[in-house]
Amino acid sequence: MIEYEVTIQIETDVLDQYLKWLKEHINEMLKVKGISDAKIFNVEVLEQKVICIRYLFDSKVSLDNYLLNIAPSMRSKVSENLKGKYKISRRVLIEGDI
């Protein structure tokens with residue numbers, strides 16, 4: 001299994017609107033072939049709202065397909081009035097021996 005982690009720092013003035021959009025986005029993501037689960041974490045950071053979502057992919061092939069063919073359109077669906085009001089970082093976590 002592979003985890004695709006998305007960490008979002010959200011400005012508080014659009015928090016409610018962003019969270020509403022995010023719930024819909026996660027539901028849409030769970031329909032993508034190869035994604036079996038999504039876990040949401042509230043990250044404790046002083047004076048910021050940070051949310052981390054970890055999507056569980058069944059394989060590297062599924063993740064690569066998502067990143068190449070699906071991610072650009074999924075990312076473009078955020079409302080125009082939310083753009084610039086958040087920062088996102090992404091990383092891939094692959095379980096294995098060190």
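Colleague: On what basis do the values rest?

Modeller: This is a predicted model, in which local features need pLDDT of at least 70 and side-chain atom pairs count only at pLDDT 80 or more, while totals for chains, interfaces and linings use all residues. Residues are numbered from 1 along each chain as its sequence is written, and side-chain values use heavy atoms, with hydrogens and water left out.

Colleague: How is a pocket defined, and what volume does the largest pocket have?

Modeller: On a 1 Å grid over the protein atoms alone, a pocket is an open set of points where a 1.4 Å probe fits, with protein on both sides within 12 Å along at least five of seven lines; a lining residue has an atom within 4 Å of a point. Points are joined across faces, edges and corners, and the volume is the space filled by probe spheres set on them. Here the largest pocket has a volume of about 210 Å³.

Colleague: Which residues lie nearest the centre of the largest pocket?

Modeller: Of the 17 lining residues, Trp 21, His 25, Arg 75, Ile 88 and Arg 90 lie nearest its centre. Two or more lining residues come from each of strand E1 (2-10), helix H1 (15-29), strand E3 (49-57), helix H2 (60-75) and strand E4 (86-94). These elements are DSSP runs numbered from the N terminus, helices being H or I of at least four residues and strands E of at least two. H1 gives the largest share, five residues.

Colleague: How does the lining of the largest pocket divide into nonpolar, polar and charged residues?

Modeller: Ala, Val, Leu, Ile, Met, Phe, Trp, Tyr, Cys and Pro count as nonpolar, Asp, Glu, Lys and Arg as charged, and the others, Gly among them, as polar. On that scheme the lining holds 14 nonpolar residues, one polar and two charged.

Colleague: How many aromatic pairs does a search of the whole structure find?

Modeller: Rings of Phe, Tyr and Trp (its six-membered ring) pair if their centres lie within 6.5 Å; planes under 30 degrees apart count as stacked, over 60 as edge-to-face and the rest as tilted. The search finds five such pairs. One of them is edge-to-face and joins Tyr 4 to Phe 57, at 6.3 Å centre to centre with 85 degrees between the planes. Tyr 4 belongs to strand E1 and Phe 57 to strand E3, so this pair ties together parts that are 53 residues apart in sequence.

Colleague: Are Tyr 4 and Phe 57 buried or exposed?

Modeller: Buried means under 20% relative accessible area, exposed over 50%, and partly exposed in between (1.4 Å probe, protein chains only). Tyr 4 is buried at 4%, and Phe 57 is buried at 0%. Tyr 4 also forms an edge-to-face pair with Tyr 66, at 5.9 Å centre to centre and 65 degrees between the planes. That pair links strand E1 with helix H2, 62 residues apart. Tyr 66 is buried as well, with a relative accessible area of 3%, and Tyr 4, Phe 57 and Tyr 66 form one aromatic cluster.

Colleague: How many salt bridges does the structure hold?

Modeller: Side chains of opposite charge can pair when their charged atoms come close. The criterion is a side-chain nitrogen of Lys or Arg within 4 Å of a carboxyl oxygen of Asp or Glu. The structure holds eight salt bridges. In one of them, Glu 5 meets Arg 54 at 2.7 Å, N to O. Glu 5 lies in strand E1 and Arg 54 in strand E3, so the contact ties together parts 49 residues apart in sequence. Glu 5 is buried at 6% relative accessibility, whereas Arg 54 is partly exposed at 26%.

Colleague: Over which ring does the charged end of Arg 54 sit?

Modeller: A charge sits over a ring if NZ of Lys or CZ of Arg is within 6 Å of the ring centre and within 35 degrees of the ring normal. The charged end of Arg 54 sits over the ring of Phe 41, 5.8 Å from its centre.

Colleague: What separates Asp 64 from Lys 60 in helix H2?

Modeller: Their side chains meet in a salt bridge of 2.8 Å, N to O. Asp 64 and Lys 60 are four residues apart in helix H2, so about one helical turn separates them. Asp 64 is partly exposed at 35%, and Lys 60 is partly exposed at 41%. Elsewhere, salt bridges that share partners join Glu 3, Glu 5, Arg 54 and Arg 91 into one network.

Colleague: Where does Ile 51 lie?

Modeller: Ile 51 lies in strand E3 and is buried, with a relative accessible area of 3%.
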